[in-house]
Amino acid sequence: MIPLLHAAAPGRARWTRSGAVKRAACLVAAAYALRTVGPVVGRRLARSGPGGKSRAARGPAGDPSRLQGAGAAGRKPAPGLNADFFRQLLQLRKILFPRVVTTETGWLCLHSVALVSRTFLSISVAGLDGKIVKSIVEKQPRAFILKLIKWLLIAIPATLVHSAIRYLECKLALAFRTRLVDHAYKTYFANQTYYKVIDMDGRLTNPDQSLTEDIMMFSQSVAHLYSNLTKPILDVILTSYTLIRTAVSRGASPMEPTLLSGLVVYATAKVLKTCSPKFGKLVAKEAHRKGYLRYVHSRIIANVEEIAFYRGHKVEMKQLQQCYQALADQMNLILSKRLWYIMIEQFLMKYVWSSCGLIMVAIPIITATGFADGDLEDGQKQAMVSDRTEAFTTARNLLASGADAIERIMSSYKEVTELAGYTARVYNMFWVFDEVKRGIYKRAAVIQEPEIQSKNETNIELPLSDTREIKGKVIDVDHGIICENVPIITPAGEVVASSLNFKVQEGMHLLITGPNGCGKSSLFRILSGLWPVYEGTLYKPPPQHMFYIPQR
């Protein structure tokens, strides 16, 4: 055995130091990638199994008209590509397109025309590339120059269309944002909703964040996603039709390449769906932390004198640092999850698809009867070689265009999940505005589980209308103010005065005194209509006949 090993030793490849270092680095990288991606894939596969289905079946089953249902533990479902997302998007579509003929419809039609034109120009350029290569192989300088001039002439409208697509996408996003902002402002300032959504309701902690950044990000995501899905789908349809027609005309069977492409695309989609993080939930949480950081800044500006008087700058700075650190941690989490997802995505869509594309292009050319040499003479064989070169170049360009379109369609899954997060926030804003406008208020209470209080904090919405129904009546009269058994109840549900009765006639002077928290300011909030009348009857002049002076 030992002589045999010594005899085989000279024939073995010797490892150099640099080669050993490269192999060790590759092994370390592979081990780290397996250690990082392996648990993620395992959890995804476990969730997609029977156990995952049973857990999903026991999920929330609340009112379908509500934006966010609560399960048994009161947890809100994470935004994602589900039925709630499509329902919310359809409701927002009614705001974006209130009528058939609108400004947004016009921009959308122009954008669609530009996308379709770009697809046909891409097919024309691919066919012209094949003819240019054929003229080079056949050594025809005159044909080469003419086709090159034609190629440059086609480039002029192609460049114009490409620039128009970007311009129309931005105009469409701006039109969507304008429509949403107009509707939001009308609802926000109707029936004192701007006050009630902050003091009476606790679901929107940062309305300014929802009215500005969330609407902007939603509008841009919708316009960009429309562009990223419409053109690729059209590209796939037209390029597939052109490739199949070319293969059939040359006597080749398109069945094998079509099956191979379908198998590769299906396998890639399954792998990417398995490894894809919940980008919708991550983006929604990032937007929430951005809004809270802005709120802390605005609170400091509003109370700058008090902070300076009490020397509370250290406390405020510490709170700002904590808010920013939470936002930075969330952004780092999103970046780290995108890193491995994009690595897997690029490997599958660039290298695996490129190798399969070469096979798909080669099979029809090799097996086609229209490209067979047979018993042709040398001149005819040379012409056949140039025809094969033209067909290969055209097919490869078309296939590259189709592969790029499929890649953009599959990459759009991540953008769709991010759009789900923005959609949930914008829809939630409009939903809260509408309920507050109709007098439905909900407060959020934080319930912590005793074992893991720092990690599982669950917000459970407690509607005030369930615990104390609004039964009071407000009647407008010309003169005087009369309260009959009217309680003073704070937005948090605390009863300041159980039953208040008094009568103020025109010309009387009334002074209300008492300690802090006894309900002096609360009474005027009820009189002005800021707080509801839960019981009793309130007679008062209409708002336009009364004038109030706020405390600050």
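Predicted model: local features only at pLDDT ≥ 70, side-chain atom pairs only at ≥ 80, totals over all residues.
Colleague: What comes just after helix 5?
Modeller: Lysine 139 does, and its phi is positive, about 55°.

Colleague: Why is cysteine 109 called partly exposed?
Modeller: Buried means under 20% and exposed means over 50%, with partly exposed in between. Cysteine 109 has 45% relative accessibility, so it counts as partly exposed.

Colleague: And why does cysteine 518 count as partly exposed?
Modeller: Its relative accessibility is 31%, so the label is partly exposed here too.

Colleague: How many disulfides does the structure hold?
Modeller: It holds 0 disulfides. To count as one, a pair of cysteine sulfur atoms must be within 2.5 Å.

Colleague: Let's turn to the second largest pocket. How much space lies in it?
Modeller: About 1,100 Å³. Of its 30 lining residues, those closest to the centre are Ser521, Phe524, Arg525, Tyr548 and Ile549.

Colleague: Which element gives the most to that lining?
Modeller: Helix 15 does, with 6 residues. Helix 7 and strand 5 are also among the elements that give two or more.

Colleague: What classes of residue make up the lining of the second largest pocket?
Modeller: There are 20 nonpolar, 6 polar and 4 charged residues.

Note on methods:
Residues numbered from 1 in each chain as written. Heavy atoms only, no water. Helix = DSSP H or I, 4+ residues; strand = E, 2+ residues; numbered from the N terminus. 1 Å grid on protein atoms, 1.4 Å probe; cavity = no way out; pocket = protein on both sides within 12 Å on 5 of 7 lines; lining within 4 Å. Points joined across faces, edges and corners; volume = space filled by probe spheres on them. Nonpolar A, V, L, I, M, F, W, Y, C, P; charged D, E, K, R; others polar. Buried < 20%, exposed > 50% of the residue type's maximum accessible area, 1.4 Å probe, protein only.
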